[in-house]
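Please open the model in a viewer and keep the selection panel at hand. The tour below goes from one selection to the next.

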Amino acid sequence: MSAEKPWQDVIQHSDLEEKWVTRAHLGTRLIAIYDTPSGVYASLALCNHGGADLCDGYFDGHVIECPLHQGAFDVRDGKPVAAPATRNMRVLETRIQDGMVQVRI
């Protein structure tokens with residue numbers, strides 16, 4: 001049985017752009033934090049299709065659109081919702097603890 005990965009602080013919840021995507025760093029990793037109507041979600045920020053920064057994409061509700069080829073993903077589960085995206089993006093387990101957005105990688 002493997003040990004559970006620890007929660008890591010990423011950004012103050014109050015620093016998120018309301019109802020938008022916010023760029024954050026965790027060490028050398030670029031993380032996209034999404035403020036949605038149903039809570040805060042996070043993913044690795046680089047699109048798995050073309051490598052573009054999803055933080056520069058268009059965000060609406062629960063869907064992030066890649067700025068490079070307009071492929072889109074549901075930020076809640078990472079599933080592609082528009083071509084040319086065909087593979088799930090990597091979403092991160094996320095929570096708010098003591099005013100901090102935390103993730104597990």
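This is a predicted model: local features need pLDDT of at least 70, side-chain atom pairs count only at pLDDT 80 or more; totals for chains, interfaces and linings use all residues.

**Stop 1: the cysteines.** Select Cys47 and Cys66. How far is the sulfur of Cys66 from the closest cysteine sulfur? The distance is 3.8 Å, to Cys47. A disulfide needs the two sulfur atoms within 2.5 Å, so this pair is too far apart for a bond. The count of disulfides is zero, and Cys47 takes part in none. Are these residues buried or exposed? Cys47 is buried, at 6% relative accessible area, and Cys66 is buried too, at 2%.

**Stop 2: a loop residue.** Next, select Asn88, which lies in the loop between β8 (80–82) and β9 (91–97). Asn88 is partly exposed, with a relative accessibility of 45%. Beyond residues up to four places away in sequence, Asn88 touches Asn48, Asp77, Gly78, Lys79 and Pro80.

**Stop 3: the cores.** Select Val21, Tyr34, Leu54, Ile64 and Met89. These have the most contacts inside the largest nonpolar core, which has 15 residues. In soluble globular proteins, nonpolar side chains tend to be buried together.

Stop 4: Finally, centre the view on Tyr34. Leaving aside neighbours within four places in sequence, Tyr34 is in contact with residues including Trp20, Val21, Val40, Leu54, Phe59, Ile64 and Met89.

Methods
Residues are numbered from 1 along each chain as its sequence is written. Side-chain values use heavy atoms; hydrogens and water are left out. Buried means under 20% relative accessible area, exposed over 50%, partly exposed in between (1.4 Å probe, protein chains only). Helices (H or I, at least four residues) and strands (E, at least two) are DSSP runs, numbered from the N terminus. Contact means heavy atoms within 4.5 Å. A nonpolar core is a set of buried Ala, Val, Leu, Ile, Met, Phe, Trp, Tyr and Cys residues joined through side-chain atoms within 4.5 Å.
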